[in-house]
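User: Please take a close look at one part of this model, the placement of the aromatic side chains. Give the cut-offs as you go.

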Amino acid sequence: MLLKGDLIMTTNKAVLSWIEECKALTGPEKVVWIDGSQAQIDDLRAQAVATGEMTKLNQELLPDCYLHRTDVNDVARVEDRTFICSRNKENAGPTNNWMAPAEAYEMAGKLFKNSMSGRTMYVIPYSMGPVGSPFSKIGYELTDSIYVVLNMVIMTRVGAAVEEALGDSPDFVKGLHSKADLDKEKRYILHFPEDNTIWSVNSGYGGNVLLGKKCFALRIASYLGWKEGWMAEHMLILGVQKPDGDVKYVAAAFPSACGKTNLAMLIPPEVYRKKGYKVWCVGDDIAWIRIGEDGRLWACNPENGFFGVAPGTNEKSNPNALASMRKGTIFTNVVLNTDNNTVWWEGLDKNPPEHAIDWKGNPWNGKTADYKGAHPNSRFTAPAVNCPCISPEFENPRGVPLSAIIFGGRRAKTAPLVYQSRSWQHGVFMGSIMASETTAAATGAVGVVRRDPMAMLPFCGYHMADYFAHWLEMGRKVGEDKLPKIFNVNWFRTDDDGNFIWPGFGDNLRVLEWIIKRCEGTADAVETAIGYEPKAEDINIEGLDIDRATVEGLLDVDKDLWKEEAKGIHEFYGKFGEKLPQALRDELATLEANLDK
Ligand code: GTP
Ligand code: SPV
Ligand code: MN
């Protein structure tokens with residue numbers, strides 16, 4: 001039974017009986033329903049400051065901003081402890097960890113048993129997507145962490161309106177989270193796609209615990225999309241407004257910490273600004289894509305904020321991100337400047353604070369050459385409305401029509417600056433063979449090249465070969481003439497000294513310009529072994545201090561490296577056996593034949 005005094009906000013029987021169960025399991029001292037009101041948020045912030053869970057920052061410089069440090073062993077997603085608990089092992093596929101649902105519930109049930117004893121259980125009703133839209137989906141997260149509540153309030157739409165939208169329907173995602181004792185050996189992120197259920201235990205870090213994000217909006221939603229005929233993707237969405245006022249929308253899938261937030265908010269280089277170009281941010285991490293009434297693919301961003309990488313973000317690389325985090329933001333694992341009670345991270349500027357506390361909570365003077373004050377995966381949680389270039393379509397429940405889909409990753413060699421697929425099928429192949437150097441966004445080695453199809457390796461909630469087939473099927477349904485064109489980009493090619501050759505950031509618009517012109521049929525291309533490429537002179541380098549020869553180098557397709565690549569693709573495809581769609585096998589054969597020409 002809900003205790004006397006628990007303020008119950010819904011009469012939905014499915015919600016109430018599930019909360020009863022979770023309460024009986026975790027044994028909280030009390031239950032607090034999150035209504036999304038400012039008074040409640042203020043109260044929770046004050047409590048978190050009182051317990052030391054959050055530090056209130058300089059309220060003149062950073063109004064309503066706070067700092068939080070996670071446990072030192074709890075700073076990134078834990079892919080090796082993340083499971084897809086489908087009834088049939090085959091449905092999780094070779095790229096996911098799998099556990100039988102009964103076993104997972106029993107094992108984790110022991111970890112949840114009385115894990116909230118003496119604590120408060122917060123009930124967070126939230127909507128992914130605008131509240132009440134037929135395309136939005138509702139979730140509940142039960143958590144014993146105020147930090148989680150305050151992040152979810154920024155990242156999703158939370159509160160009473162969501163419960164009204166749900167009504168009596170049992171159609172919601174059930175998320176249960178407990179910090180428990182933060183024991184990393186007992187940390188599990190479990191997904192039960194057939195039960196619409198997520199269980200997360202023994203973590204307090206972002207992607208492991210903000211259950212609306214990777215767990216729901218990608219892992220559970222990708223499974224729902226497969227069943228229901230839509231797609232949930234690890235993609236930013238942006239609009240490029242051209243000098244004539246027309247806005248073209250593109251979505252881009254890059255693996256974690258490979259530049260989505262930065263591309264989504266880019267500020268055009270001066271030569272483009274003068275011509276009248278502008279970029280609008282619709283989303284920086286997740287896209288839900290459906291077939292619209294006009295038969296085209298439309299994308300919307302189910303989130304309500306940004307959970308962005310702090311290091312490397314500065315006034316030059318991403319001023320819009322900096323503006324977004326000037327109020328109402330939670331910083332996680334960055335440096336605290338104790339002179340003025342503000343925050344700092346590597347790459348913000350060249351002046352680390354001399355009097356500071358590092359991400360581990362230790363005194364720091366900013367002078368350590370081989371030790372970073374902020375964790376490489378330190379983050380900011382900022383409301384989307386703060387972003388100066390947030391798109392007027394951000395709240396549009398139908399989303400925006402896509403002209404292009406872009407894949408990309410971190411490749412020091414091999415992948416050229418940009419190339420285009422010959423067809424949707426070839427584009428799906430390009431997405432399926434994506435590879436990228438790993439980053440600090442997940443625990444484990446950093447800088448190791450791994451296959452990360454469509455940037456979804458850690459986020460696909462079902463068999464990856466079925467996921468490829470679903471992409472192909474969506475293409476068949478829409479038809480080539482209405483489909484977005486597919487491209488691959490790489491901002492991260494390096495020279496012999498390991499320096500990035502391409503300037504990146506705002507200058508990536510120079511590549512977007514070619515992409516958009518290709519979609520409109522107004523730019524030329526040359527056919528290479530891997531697909532269509534611009535001629536070097538088709539990338540505008542006006543105002544840059546790199547020359548044509550450098551662009552030629554960036555576009556170079558090294559056939560020997562690509563033959564090595566093809567071997568790696570064979571090995572990767574081998575994992576999927578008979579389930580791999582024949583169309584992809586055919587595309588690989590075509591690639592190999594082209595490389596032998
Ligand atoms: P997730 O939030 O983990 O999904 O990451 P993301 O894809 O949004 O990555 P983000 O934009 O936060 O970029 C991660 C890191 O890459 C930051 O340190 C950026 O400074 C750096 N970065 C982003 N874009 C570029 C670029 O065009 N060139 C270079 N050299 N670095 C970039
Ligand atoms: C990512 O790792 O891709 C992120 C951050 O966007 S997290 O929410 O931790 O997954
Ligand atoms: Mn991400």
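Analyst: Trp199 has a relative accessible area of 10%, so Trp199 is buried (buried is under 20% relative accessible area, exposed over 50%, partly exposed in between, with a 1.4 Å probe and protein chains only). Phe112 is buried too, at 0% relative accessibility.

The model is predicted: local features need pLDDT of at least 70 and side-chain atom pairs pLDDT 80 or more, while totals for chains, interfaces and linings use all residues. Residues are numbered from 1 along each chain as written, chains are lettered from A and ligands numbered from 1 in written order, and side-chain values use heavy atoms, without hydrogens or water.

The structure has 29 aromatic pairs (Phe, Tyr or six-membered Trp ring centres within 6.5 Å; planes under 30 degrees apart are stacked, over 60 edge-to-face, the rest tilted). Phe83 and Tyr188 make a tilted pair, with centres 6.1 Å apart and 45° between the planes. Phe83 belongs to strand 4 and Tyr188 to strand 10, so this pair ties together parts 105 residues apart in sequence (strands are DSSP E runs of at least two residues, helices H or I runs of at least four, numbered from the N terminus). Both Phe83 and Tyr188 are buried.

Phe112 and Trp199 pair edge-to-face, at 5.1 Å centre to centre and 75° between planes. This pair joins helix 3, which holds Phe112, to strand 11, which holds Trp199, across 87 residues.

One aromatic cluster includes Tyr223, Trp226, Trp424, Trp471 and Phe572. Phe572 is also among the buried residues of helix 15.
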